[in-house]
Amino acid sequence: MDTGLPLFPEQASTMAGRVDALYLFLIAISVFFGTLIATLVVTFAIRFRRRSRDERPPPIHGSTALELTWTLIPLGIVMVIFLWGAEVFFAMARVPPGTMNVYVVGKRWMWKTQHMTGQREINELHVPVGVPVKLTLTSEDVIHSFFVPAFRIKKDVVPGRYVTTWFQATRAGTYHLFCAEYCGTKHSGMIGTVTVMEPAAFQSWLSGGATGTSLAAAGEKLFTDLACVTCHRGDTEARGPKLEGLFGRPVSLANGERLVADEAYIRESIVNPTAKIVAGFQPVMPAYQGLVTEEGLMQLVAYIESLSGPAPAPAGAAASPSPGAGEHKP
Amino acid sequence: MTTHIGPGETRPPRPPAPPSLTEPPAPRVNYLNVAYGVKSWLLTTDHKRIALLYLAGITMMFFLGGSFAVLIRLELVTPAGDLVQSETYNKLFTLHGIIMVFFFLIPSIPAFLGNFLIPIMIGARDLAFPRLNLLSWYIYMLGGAFTIFALVRGGVDTGWTFYTPYSTAYSNTHVIAAGLGIFITGFSSILTGLNFIVTIHRMRAPGLTWFRLPLFVWAHYATSLIFILGTPVIAITLLTVVLERALHLGIYDPRLGGDPILFQHLFWFYSHPAVYIMILPAMGVVSEVVACFSRKRIFGYEVVAMSSLAIAVLGFLVWGHHMFISGQSTYAGLVFSLLSFLVAIPSAIKVFNWTATLYKGSVSFDTPMLYAAGFIGLFTIGGLTGLFLAAVGLDVHVTDTYFVVAHFHYIMVGGAIMGYLGGIHFWWPKITGRLYPEMWARVAAVIVFAGFNLTFFPQFILGYLGMPRRYHAYPEEFQVLNVMSSAGASILGLGYLLPMIYLVWSMRYGPRAPANPWQAKGLEWQTASPPITVNFERQPVVTEEAYEYAPEENAKIV
């Protein structure tokens, strides 16, 4: 790009090339049809320009064959685009196994990120090259949108719910992080950087910034401070359901429904416990809406997740700094 | 061939006569000079005078909304937010959007040109409900007053989309006043739509069957369906925003047990069809203009007419394409993506048919035709870039960036406003009884086209590079493209000021217009310029197809 005027953002994730390929295909389609229409309009307008004031060209009625042609050919083309776009979208939506997990909270007007190992960052996110990273995001206030152009990912960050997205960086470097959903006064200041590092450098960054408290450990402290343990004791007499082994397992609700305990379910059960009552329990838990920050909730979720045994741990995803993290190849 | 038969008479149609002989002499009394004074305008029930009242209102709103755009483009010349404060910038783009969408684009062609022309085109004396028509103008002005009140009191900063929970719980600006302004104006749309539908059903001249209607009327029929089916939804949605904001009813705010995504579903259920409210009437104008300036019946008339209805119906099924990354389910996204591709087809069909109409026509390059050709080009780019946004995997990257901004301006400015300007020039002699200066008008049309492309084409690139929309300040690498865009905007602004000047000039100094300066078909050209209050001296009877520029016996079947 030595023209000084780049036409593409950097490609720094496994998804970037796939999105750009679809983009180039659409540009080719657009150039073809745009040129076709422009050429026909200009050619007809000049070739059949009015030559005398009272000229009356013979009328031409429509043609079913032509109408069908220019209905069915575009229809076929847009169906190809649809399938291609859907395929890319599925790849974006399907989180691969073995991700490194990072929790993100959007808040007017900053991004707060928390690593499982306890590192917390503001308007920054450090990730290693070559490792799929899953982001679990929520908002403390209004809707934000987590947008990294170099990765071609964007996800609205909605208050009151968890959303996830993922990426796998392919090139070390520093990339823009933007808030893409209008969120008020300093919307355009809600920006940051994503720093992609070689695995070894990332490992030393992790140990350099270590707080000594993993996300799950911070959650455990909160669990104790909020006295959750008085009810969620884990024995059969307890007033609240046992949390050990809960995460990722099916749960039977009092209304007969069944669901799998994921991050969103656990978060909801803390802020609004009566929304889903576990079969065999009374709706006695107070709501913690507004009493715990979204970051605190994420710590609690990480803690409850850790009670289901160690995560199947790739780099940085384990509850404590993992010696195996450096083994990942770029 | 059309002839004039008085009520009760049973004269057989006369044989065809050359156009110059059928032109009625200009009557001394017409709808403009029949009465003077403020009262004769503010209490009029003449659809033509009401159309001009609308013209006054929407022109004021256009220049108000445009002046906000000027400030936005000035701010974005430099990367730093240095011209206005962030709060001010956010209010500028919010008011630009609200005013241009709800108070200019939506009423523009229907309430001005549609109001003026539909009764004349179908050979009626007025709309079905003349007093309701006047009421709808007053409602529009009342809604506008609310919005200007919000503006004067300090503005509103939610974006024209009013996304929750920002609008209901966090914004400290005049959301309720602006929301009520739009709520009120919606009733004006509903009444206009109702009036058009009843008029087109009940008041067509003898012989004017559905498939003899001008395509302009078909387009307005489709638009009116959206008016009456869609507008109540935005009214309810804005009312619930007001309720949550004022009374803390938990509807959208998750802290009150609401769901912020629900708002987006309701908002786009109206606001996506609203895009077709803006573009369908412009398509109607283009059909009239292309037929007249190539002296041909529109190729595939029936298909073009039906594609308007198809757009109106399919347009209601694609709202979720604004929400691919909002948190709706993956499968919902796929369904909306598929349906969005389908709605592209009737638009493509129209473009192909207009192009085919030129083939073996008698094409002239008067100003309305320049605008129509501009429309076809810009709408094609707008439509094709819509495919980028409908492709869900690609939309993830470009949504909420300047790519979207560029795309919808190609549709709404490149499409709707080009159509509007083309229509104003085409029917200006009919409306005012005066000819505008053709040379100036052609120059202005070229300036608008060039300025428009320079303003908005760089924004496609900016968007793909990742510049988010609604950014007061931006990283330095985006500056070159932003400067290009702002330079284009200044050219575009000049292009819009020129017609304002020469059209006003022509009302007094322009040469007097004959009844049919373009030798066009259609009933509106068979009455005087300007028409008399009841439109026709005698009830017209239609005995021929639409756009019958040459005798049918010469017709060729392709």
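## Two-chain predicted model: folds and interface

Chain A has six helices and 13 strands; helices (H or I, at least four residues) and strands (E, at least two) are DSSP runs, numbered from the N terminus. The radius of gyration of chain A is 27 Å, well over the 20 Å that the globule rule gives for 330 residues, so chain A is more spread out than a compact globule. That radius is taken over C-alpha atoms, and the rule is 2.2 Å times the number of residues to the power 0.38.

This is a predicted model: local features need pLDDT of at least 70, side-chain atom pairs count only at pLDDT 80 or more, and totals for chains, interfaces and linings use all residues. Residues are numbered from 1 along each chain as its sequence is written, while chains are lettered from A and ligands numbered from 1 in the order in which they are written.

Chain A divides into domain 1 (16-46 + 63-93), domain 2 (100-211 + 323-327) and domain 3 (215-306). These bounds come from an automatic or database domain assignment. The C-alpha centres of domain 1 and domain 3 of chain A lie 50 Å apart.

Confidence is given as pLDDT, the predictor's confidence in each residue, from 0 to 100. Chain A has a mean pLDDT of 88, and 92% of its residues reach 70 or more. Over residues 311-330 of chain A, pLDDT stays under 50.

Chain B has 16 helices and three strands. A compact globule of 558 residues would have a radius of gyration near 24 Å; chain B has 23 Å, which agrees.

The table sets out both chains. Two residues are in contact if their C-beta atoms, placed from the backbone, lie within 7 Å.

Now the interface. 76 residues of chain A are in contact with 82 residues of chain B. On the side of chain A that touches chain B, the elements giving two or more residues include helix 1 (16-47), helix 2 (64-93) and strand 10 (173-179) of chain A. Helix 2 of chain A gives the largest share, 17 residues. By class, this side of chain A has 46 nonpolar, 16 polar and 14 charged residues. Ala, Val, Leu, Ile, Met, Phe, Trp, Tyr, Cys and Pro count as nonpolar, Asp, Glu, Lys and Arg as charged, and the others, Gly among them, as polar.
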